[in-house]
Amino acid sequence: MAEAELLRGQLLYEFRTMQAMVEIYCKAHHPLKPSKGVCQQCSEFLSYANTRLDRCPYGQEKPTCNKCPVHCYKPHMKQKAREIMMFAGPRMLLPHPIMAIKHLLAERKPAPGLPPEKVSNRHLRKAEQG
Ligand code: SF4
Ligand SMILES: [Zn+2]
C-alpha cells in the first residue's frame with residue numbers, strides 16, 4: 001500500500017499491526033476476496049486507518065485509539081475497528097507474537113491528556129518539505 005510509505009516509526013509499526021489484524025479478520029469474514037491481500041471493503045478501511053494515523057494529533061506519541069480523548073474515527077469506522085480488534089486481537093499471538101505483545105502493552109497504558117500542537121506525521125512531513 002503506497003500510503004504506508006508516508007508513515008514512519010511508531011505510526012508505521014501501528015499501521016503494519018492493523019494490516020496484520022485486518023488480514024486475519026478479512027480471511028475469516030470475507031472468503032470471496034481475491035486470492036492475495038484483503039477485500040475492497042477491508043482495503044478501504046485500511047486506507048482510512050492510514051489517513052487517521054498520518055493525521056493523528058499525537059504524532060509518534062500516539063496513544064492506543066481505544067483510550068484516546070480525541071476519537072477522530074467516524075462512528076461506523078470506529079465500530080469496524082472495534083470488530084476487527086475483537087476478532088483478530090486474540091488470533092495475533094501465533095502468527096505475529098511480537099506485534100501482539102506490543103499491542104497488548106499499548107492497551108494497558110493510561111489515557112493521555114489533550115495532544116500538543118503540530119506534531120502529527122502530516123505536519124512534520126510538511127515542515128520537512130519546507
Ligand atoms: S483516535 Fe486518537 S489516537 Fe487514534 S488516530 Fe485518532 S486522534 Fe490518534
Ligand atoms: Zn475483507
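1. A111 is exposed, with a relative accessible area of 53% (exposed means over 50%, buried under 20%, partly exposed in between, with a 1.4 Å probe and protein chains only). A111 is found in the loop between α4 (97–108) and α5 (121–129). Helices here are DSSP runs of H or I with at least four residues, strands are runs of E with at least two, and both are numbered from the N terminus.

2. The model is predicted: local features need pLDDT of at least 70, side-chain atom pairs count only at pLDDT 80 or more, and totals for chains, interfaces and linings use all residues. Residues are numbered from 1 along each chain as its sequence is written, and side-chain values use heavy atoms, with hydrogens and water left out.

3. Helix α1 (residues 9–29) and helix α3 (residues 75–88) have axes that come within 9 Å and cross at roughly 85°. That makes α1 roughly perpendicular to α3 (65 to 115 degrees; under 35 is roughly parallel, over 145 roughly antiparallel, the rest oblique). Axes are lines fitted to C-alpha atoms, for helices over the stretch in contact, and angles run from 0 to 180 degrees between N-to-C directions.

4. On the α1 side the contact is made by M18, M21, V22, I24, Y25, A28 and H29, and on the α3 side by K80, E83, I84, M85, F87 and A88 (contact means heavy atoms within 4.5 Å). These residues divide into 10 nonpolar, 1 polar and 2 charged. Ala, Val, Leu, Ile, Met, Phe, Trp, Tyr, Cys and Pro count as nonpolar, Asp, Glu, Lys and Arg as charged, and the others, Gly among them, as polar.

5. There are 2 aromatic pairs (rings of Phe, Tyr and Trp, the last by its six-membered ring, with centres within 6.5 Å; planes under 30 degrees apart are stacked, over 60 edge-to-face, the rest tilted). Y25 and F87 pair edge-to-face, at 6.1 Å centre to centre with 80° between the planes. Y25 lies in helix α1 and F87 in helix α3, so this pair ties together parts that are 62 residues apart in sequence. Y25 is buried, at a relative accessible area of 6%.

6. Y48 and Y73 also form an edge-to-face pair, with 5.4 Å centre to centre and 80° between the planes. Y48 is in helix α2 (residues 40–55) and Y73 in the loop between α2 and α3, 25 residues apart. Y48 is buried, with a relative accessible area of 15%, and Y73 is buried, with 14%.

7. R52 lies over the face of Y48, 5.7 Å from the ring centre (NZ of Lys or CZ of Arg within 6 Å of the centre and within 35 degrees of the ring normal). K102 lies over the face of Y13, at 4.4 Å from the ring centre.

Note on methods
Chains are lettered from A and ligands numbered from 1 in the order in which they are written.
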